[in-house]
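Please look over the structure below before reading on.

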Amino acid sequence: MTEFDVNSPFLYTIAAIIIAFVLSQSVFFLVKAWRQANKLGIDRVTLRRIAVSSALFTVAPATAILLGVITLSNALGLPVPWVRMSMLGSLTYELPAAEMAASAAGTSLAETITDPRVFSTIAWVMTLGIIPGLLIIPFFAKKIQSGVVNIGGKDKKWGEIFMSALFLGMVSAFLGMIFANVRDGLTGWIPVFVTLCSAVIMAALGILYKKKNITWLENYALPLSMLSAMALSIPITNLIVGGAV
């Protein structure tokens, strides 16, 4: 029996086929949109400017996707994170889902998954966990949106409080993971320190955007804060772990 490999050619082939299908959809709708714009009489200079600006603004979310692929590739290889992050997923969901599945299987994403059963479990958890979102959007999103709009229409202040509460609830779910290991000593506070660094950087970029009117920061503040915090996590970890030793 051949040894299981998270970067096997078979997985790369399957991933490449799926990504090719996704890209073909993008090309199809791009061509359809371009032809429709020509029918509407929009000049080519305007179309090129729109295409270039749209391509540039996709760099920001693409950076976050790349970070997700790199983060998960150490444990799961490149094919599975590549497919998950390129189709339907984000780092804020994929990483916690994979980490919880790995923890339940008695392992960690800090090491490469070599057991095919554990790898399959993680892949299934990541996939099945995102399916409810696909069902909620077409069947319930309109009703949910109407309910939120109605609340805001009846009482604008209460509507703002309601939306803020929803947002804080989502943030709190992720904060639980950040503070999960604080009882383990100073090393358990490393995620907290990294998060604080990211928050400070994000706030600084926000101030620059508002005070200096640097408009491009609006789209790149998030990936810049993420990259900076990830870079700072290395000296923070070395300092804490080295001090503990």
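This is a predicted model: local features need pLDDT of at least 70, side-chain atom pairs count only at pLDDT 80 or more; totals for chains, interfaces and linings use all residues.

Residues are numbered from 1 along each chain as its sequence is written, and side-chain values use heavy atoms, with hydrogens and water left out.

- Helix α5, residues 91–104, has 14 residues and reaches 20 Å from its first C-alpha to its last, close to the 20 Å expected at 1.5 Å a residue (the expected span being 1.5 Å times one less than the number of residues).
- Helices here are DSSP runs of H or I with at least four residues, numbered from the N terminus.
- Just after α5, G106 takes a positive phi of about 85 degrees.
- E94, which is found in helix α5, is buried because its relative accessible area is 0%.
- Leaving aside neighbours within four places in sequence, E94 is in contact (heavy atoms within 4.5 Å) with L72, R84, M85, L88, G89 and M126.

**The largest pocket**
- About 2,100 Å³ of space lies in the largest pocket, where a pocket is an open set of points on a 1 Å grid over the protein atoms alone, with protein on both sides within 12 Å along at least five of seven lines.
- A volume is the space filled by probe spheres set on the points, which are joined across faces, edges and corners.
- The pocket is lined by 40 residues, of which L91, T92, L95, I178 and T195 lie nearest its centre; lining residues have an atom within 4 Å of a point.
- At least two lining residues come from each of α3 (59–76), α5, α7 (156–178), α8 (190–211) and α9 (217–244).

**The second largest pocket**
- The second largest pocket has a volume of about 270 Å³.
- Of the 13 residues that line this second pocket, V80, V83, R84, A123 and T127 are the closest to its centre.
- Two or more lining residues come from each of α4 (79–87) and α6 (116–154), and α6 gives the most, with 7 residues.

**The start of α2**
- At the start of α2, a side-chain oxygen of D43 reaches to within 3.3 Å of the backbone nitrogen of V45.

Note on methods
On a 1 Å grid over the protein atoms alone, a cavity is a set of points where a 1.4 Å probe fits but cannot get out, and a pocket is an open set with protein on both sides within 12 Å along at least five of seven lines; lining residues have an atom within 4 Å of a point. Buried means under 20% relative accessible area, exposed over 50%, partly exposed in between (1.4 Å probe, protein chains only). A polar contact is a pair of N or O atoms within 3.5 Å; within protein, one must be able to donate a hydrogen and the other to accept it, and residues adjacent in sequence count only if both atoms are side-chain atoms.
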